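Reader: I would like to learn how to read a few features of a model. Please give the general idea and then the case at hand.

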Amino acid sequence: MNVLEVSALNKSFGGLKAVSDFSCTVEEKEIVGVIGPNGSGKTTFFNLVTGFLLPDSGSVLLKGNSVIGLPAWRITNSGMSRTFQLIRLIRRRSVLENVMLAFRAQPGENLFNVFFRSGTCRKRECQQREKALGLLDYVGLSKKADEPADALSYGQQKLLSLAACLASDADMLLLDEPVAGVAPEMLEKIVSVIRDLPGEGKSVVLIEHNIDMVMQVCHRVIFMDAGVKICEGLPEQVRNDPRVLEACLGR
Amino acid sequence: MAYLLHVLILVALYSILAISLNLISGYAGLVSLCQAAFYGVGAYTTALLALNLHTPFLLNLLASVILAGTAGLVVALPSLRIRDDYFVMATFAFQVVVYHLLNNLISFTGGPMGLHAIPAPRLFWITLSGHLGFLILTVVLGALIFWVARRIVSSPFGRILFAIREDEVLALARGKNVNQAKVLVFMIGAAMAAVAGSLYASYITYIDPTSFTVLESILIISIVIIGGAGNLWGSVLGALILIVVPELLRFVGMPGAIAGNLRQGFYGLLLILFVIWRPQGLLGDYSFQKVKAGK
Amino acid sequence: MQQLVANGVLAAAIYVMVATGFALIYATSRFLHFAHAVVFTAGAYFALFLATRIGLPLAFSVLLALVLSAVLGCLAELVVYRPLRRRGSSPLVLLLSALGIYIVLQNGISMLFGDDLKIIPGLDSGPSFTIGLARVTPVQIVTIATGALCVVATAIVLKTTRVGKMMRAVASDSELAEISGVRAGSVILASFAVGSVLAGLAGVLVALDTAMTPDMGLNVFLMAAAAMILGGVESIPGIALGALLVGLTQHFGVWLLGSQWQDAIAFTILLIALAVRPQGLLGKRAVRATA
């Protein structure tokens, strides 16, 4: 079954058509790259699919269930998690807390449990703490666990955002420019984490401007321009597609 | 001695009020100017029940808390879709409406004349009528509220509040039901303010709408800011400073007519100074500054 | 009935002056300058002071009071808001500082003048007119006329003059305006000056018509804010419409429910407006919480 099925997605702002009749599917354990010039609607597409924007028309099915009209938080809890182009973190809190925020099904988030089932809450919090530390270890940030998120380097913050996505146990991860502006060593680390995701049973859609990275990591690539899907296929196919070249040269 | 106890009781009362608003505005970042409305709902509910039904204090307290919590729900729900500064206006408007309700529903609330001779609190077999007894009651309830607030903010729910304050979009993206959390914290803060109201009514034994105006709300948020948004001990410290210092003015011999104005002017001045020079307050960690995404 | 309409229109005239001034300030400086409420009050008390303690002729006192109102508004901007803005403080922080300013100034006025009702003497208003079934005093007619004039004048100034265009530029996109050579700081200061004059003028007119107290600004300001929010910040005709709506509904509400409800009615309207259509009846800018 396809993890994500998007059909005929449309969104206009005022007179501007940001996303136009966009369709795509993402299979299990697949990494799909979305590339295209700035302003081509890539992030808008993410926002539409994750519930931050309401599409004018079209459908979005997550594991066969429609998510259109659901609030963003519910979509996350249904198994689709995302990062943001401009890094979003709780800067004042520790790296560990940032990961722990992302866990689903925390009994302590229900106030009744906080006061009347405090034992359960405490136990679960401990378990999740262990799990969070494990995740940080997996991405290589465990040494920074107790430091404020603000103290991390740019690349480490992107890695932390990725770790938080993983913490939510989502099967569908949407990563918006996961390596843009990141120093080479960090880039390698992030790329290796992403590459291992299908092995963990996850599917990924990523937006990137770093074409080399996209070529290396993605199973399939989609090229977008002006809100329209121009072409789609294997990385090499897309790269050499005349329409893509034309769209790039035409800038 | 009675005077000292009186001051301490006020400090404890305002600590409760400040903590209640701190949860809403300091921890969740939702600036609200209607806390005095919830304070008033609590006071009037307890007063009316005690005067008309002669019910014991704890029962009145419970009723006040429930009513105020409901009022919190009423304010919070429609306000979810309104942006920050307009949201403040909405709470402002709500505050004024409640004031007028208290002032105009004369048959119910006594209107501008208020309610007199509110019975002293009756706890089981004890009737508290002295200052010391009342202080103990207030401190005990205050400590309870402090404990409840502490549990809330250090729980995963508290983590959600913090996330809402720092980056609401992120909280949503991490799967948190932001709206529900906002409504809940509002209701809890309202309920806590009602506890202070109940205590106040039972202590002063006379209440009228002038104690529950917009200016009172501004005083409460000043205490939160000065003590420190996002720090519970800060609220206690803020209450201490803002209650005790003006009382000291008494000893300096200010003419009674302007003492009230001087006190309020003091609050206003302190608010301005802190907002300019130390918006996170004495012990707080939040300066009402929304951090932008990205580095 | 017609008296109600007259009273409602009179109230609307006051509100529209205060609201237009407030909207100018809000549009350019992007925060709710709550202290506008006390500028209204201060205008009246400046005039009182000048006319009674100093003994200037009334017209001169009023004019000087307007100047002083402008100075007051500008002082708030220069001393408190601008340093905060320079530091990158959020609109919420500025609002909190405005609350502080309001409290300090209102209490200052109370201390200097006392809380009792005062009137500005020296106005022999002559007999009241009767229009249809409604009774209006000359001062009230002047107030209504001034209100209308202010609306029209502001609309014209914003549309045609250079200052007005700069204000609109800063209101829609201050960064873009800066790049185009408009000094946002000066434009904001100008908005404060003009807005405060309008508030002070409204205050003086109210004081000439009825009595004044140090806290009279609060309710009028909130009503005016309601008018502004109802009408939509960006739209002068919207604000006028909002003011009429608030004023008329208030007084009709008074007729139906009694005068003690007049403020509560206005605020309930505001609450409903905020909940249902935060951008106002004619406004464009969205004020919904963003996703």
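Reader: Which strands of chain A does helix 1 lie across?

Author: This is a predicted model. In it, helix 1 (residues 42-49) of chain A lies across strand 1 (2-13), strand 2 and strand 4 of chain A. Relative to strand 2 of chain A, helix 1 runs at about 65°.

Reader: What is the order of the strands in the open sheet of chain A?

Author: Strands of a sheet pair through backbone hydrogen bonds, and the pairing is either parallel or antiparallel. In chain A, four strands form an open sheet in the order 2-1-4-5, and the pairing is antiparallel. At the edges are strand 2 (16-27) and strand 5 (65-66) of chain A, each of which pairs on one side only.

Reader: How many bridges join strand 4 to strand 5 of chain A?

Author: Two bridges join strand 4 (residues 57-62) of chain A to strand 5 of chain A, and these strands run antiparallel. As for individual residues, A:Leu61 has A:Ser66 of strand 5 of chain A as its bridge partner.

Reader: How do I read a pair of packed helices? At what angle do helix 6 and helix 7 of chain A pack?

Author: Two packed helices are described by the angle between their axes and by the distance between the axes. For helix 6 (residues 154-167) and helix 7 (residues 184-196) of chain A, the angle is about 15° and the axes are 9 Å apart. An angle under 35 degrees counts as roughly parallel, and helix 6 and helix 7 of chain A are therefore roughly parallel to each other. Helix 6 of chain A passes helix 7 of chain A in a left-handed crossing.

Reader: Which residues make the contact?

Author: Helix 6 of chain A contributes A:Gly155, A:Gln156, A:Lys158, A:Leu159 and A:Leu162. From helix 7 of chain A come A:Met186, A:Leu187, A:Lys189, A:Ile190 and A:Val193. By class, the residues of this contact between helix 6 and helix 7 of chain A are six nonpolar, two polar and two charged.

Reader: How many residues do chain B and chain C give to their contact?

Author: Chain B gives 39 residues and chain C gives 41 residues. On the side of chain B that touches chain C, helix 4 (84-104), helix 10 (214-227) and helix 12 (256-277) of chain B are the elements that give two or more residues. The largest share, 14 residues, comes from helix 4 of chain B. That side of chain B has 26 nonpolar, eight polar and five charged residues.

Reader: What is the mean pLDDT of chain B?

Author: Where pLDDT is low, the predicted coordinates should not be read in detail. Chain B has a mean pLDDT of 90, with 98% of its residues at 70 or more.

Definitions and conventions
Residues numbered from 1 in each chain as written. Chains lettered and ligands numbered in written order. Predicted model: local features only at pLDDT ≥ 70, side-chain atom pairs only at ≥ 80, totals over all residues. Axes fitted to C-alpha atoms, helices over the stretch in contact; angles between N-to-C directions. Parallel < 35°, antiparallel > 145°, perpendicular 65-115°, else oblique. Left-handed = near helix turned anticlockwise from the far one by under 90°. Contact = placed C-beta atoms within 7 Å. Nonpolar A, V, L, I, M, F, W, Y, C, P; charged D, E, K, R; others polar. Pairing = 2+ DSSP bridges. pLDDT = per-residue confidence, 0-100.
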